[in-house]
Amino acid sequence: MSSNTNGTGANTPASQLESVLPIHPTAARRGNPIVVQSDLTSYTDDHIISKFTNRGADVAVVEGQYIVTPTTKQYEFQTARKVAKTGLMMVGWGGNNGSTLTATILANRHNIIWQTKNGVQQPNYIGSLLRASTIRLGTDPSTGKDIYVPISDVLPMVHPNDLVLGGWDISGVRMDEAMKRAQVLDYDLQRQVVQYMAELGSPLPSIYYPDFIAANQEARADNVVPGTDKQVHLEHLRADIRRFKEQHGLDRVIVFWTANTERYSDIIPGVNDTADNLLNAIKTSHPEVSPSTLFAVASILEGEPFINGAPQNTFVPGVIELAERTRSFIGGDDLKSGQTKLKSVFAEFLVNAGIKPLSIASYNHLGNNDGHNLSAEPQFKSKEISKSSVVDDMVAANPLLYKPAQAGAPKGSKDAKGEHPDHIVVIKYVPAVGDSKRAIDEYYSEIFCGGRSTINIFNECEDSLLATPLILDLTILAELLTRVKYRDASPNSKAEFAPLYPVLSLLSYMLKAPLVKPGTNVVNSLNRQRNALETFLKACVGLEGSSDLLLETRIW
């Protein structure tokens, strides 16, 4: 074989193992197998239309007695059946997450099989909530057995293999070299996918404001949009989105921040507290307008969803107001892949079991570029905030174990916040371990009659291989939610179908610090987050939410 003098890897031979194994079930295409036969559900060539009764309860406390009034409200959902041709533009495309996601989608697309020390490995989408987990539809009346289906089959969704990939990065390294630099994937997979990665070229120049990320990232910043005029930068990003959409004939582009964690932006009245103030701050190149906020504004103004996969406060009040004004979709913050996901389950388990966590100490170390950036204090603070709030709603839900906040207590005092477990988060950069993150958690709890319990958990995981399926889930769900409309279906209502609220809190399952509609409560419980998403998807096809009552098994 002749050598390739430009070193792009485009001469790499095709996989000798390609198609040896059938496509993995998580990557298979199944069409739209679910049909609901009900007077609550109807189908047209263009839409699935469903009727849904939202049931709740109003509670008043009168002299220590809880007066509960059940409530119901009728809605209709309309879901467009045609899946948009969708592009995913990642900010930080050449980083560990972006390069790993790109390579694994290409491996699935070409069904590339590779050798590992444990044997033959085939590509899959394990780790994706949508592609690799199921929900219960009901029971088979002939056997009484439960019937489960993949979540991705409930409604028409983008297949990951069909995503058109692109994006920006402050490092101009070609995507094949970025994959090698990340050191995440097995060598034999890299060897076979490198030709496809090389064809993608280099990321687009990105926005680099040194004040917002660690100084140790400066050496990578060789691919940046020139100048310091933030209005010019905004227009540059908008043009990039439009050009990408036009070049690939796309119906929809999801812009996803998977770049470095930024420091928190100061919330300053007159600067970023309203949409108009924020737009003016961009025009005047105010120093508190971060790169991630600039990308969010560009996406919003182009009418394309923006997802923040990092912990910084990208969504300052002005961004949320701008999204509301334009009815553009946003979601965030911070991918929830390992330690925090486990914590949102384990803390809830303890509190719901009537056990009182007194302290939660979380330590982790990693050696990838994310860890390098987080070794700077301002960027670590952003991560610490997103990790530390995960148990708040579970604690607040149990006033038997924790004293609730006291009305009228001085702001910032313990009484104003209410009783809370001691909670500490430590992150250290250890280059030797690379992308393999180690996490240690200690739960120290009060049990019966003054007893104490200590539970220690050690978790070793490959950071990027846990995070990249979440990027897929968030992207696929964001596209789906742009196709869902709702209307008030009360008897006297004449409401027309309208889009969902711009803040996509239904994405919370994948996020450490879920962004929610202003003035509403944040739900961190992983079980409640999944149940909300499952109930919503079922509602869109006219089915009731999950019920584990199984009444027919408990009566004569």
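Mentor: Gladly! Let us begin with a term: a salt bridge is a side-chain nitrogen of Lys or Arg within 4 Å of a carboxyl oxygen of Asp or Glu. One example is a network in which salt bridges link R174, D176, E177 and K180. In total, the structure holds 25 salt bridges.

Before we zoom in, a word on how to read this. The model is predicted, so local features need pLDDT of at least 70 and side-chain atom pairs count only at pLDDT 80 or more, while totals for chains, interfaces and linings use all residues. Residues are numbered from 1 along each chain as its sequence is written, and side-chain values use heavy atoms, leaving out hydrogens and water. Here pLDDT is the predictor's confidence in each residue, from 0 to 100. The protein has a mean pLDDT of 90, with 93% of its residues at 70 or more. Residues 1-18 have pLDDT below 50, and beyond near neighbours in sequence this stretch makes 34 contacts in the model (a contact means heavy atoms within 4.5 Å).

Helices (H or I, at least four residues) and strands (E, at least two) are DSSP runs, numbered from the N terminus. Helix 14 covers residues 463-482.

Buried means under 20% relative accessible area, exposed over 50%, and partly exposed in between, using a 1.4 Å probe and protein chains only.

Look next at D463, which forms a salt bridge with K437, their closest N and O atoms being 3.3 Å apart. Because D463 lies in helix 14 and K437 in strand 16 (residues 436-446), this pair ties together parts that are 26 residues apart in sequence. D463 is buried, at 10% relative accessible area, and K437 is buried at 10% too.

A second tie lies in these parts of the sequence. The side chains of E460 and R438 meet in a salt bridge of 3.6 Å, N to O. E460 belongs to strand 17 (residues 452-462) and R438 to strand 16, so this pair joins parts 22 residues apart in sequence. E460 is partly exposed, with a relative accessible area of 48%, whereas C461 is buried at 9%. As for cysteines, the structure holds zero disulfides, a disulfide being a pair of cysteine sulfur atoms within 2.5 Å.

For another example of such a tie, turn to K356 and E419, whose side chains meet in a salt bridge of 2.8 Å, N to O. This pair links distant parts of the chain, 63 residues apart: K356 is in strand 14 (residues 356-366), and E419 is in the loop between helix 13 (414-417) and strand 15 (422-429). K356 is buried, at 13% relative accessible area, while E419 is partly exposed at 31%.

Terms used: Expected span 1.5 Å × (residues − 1).
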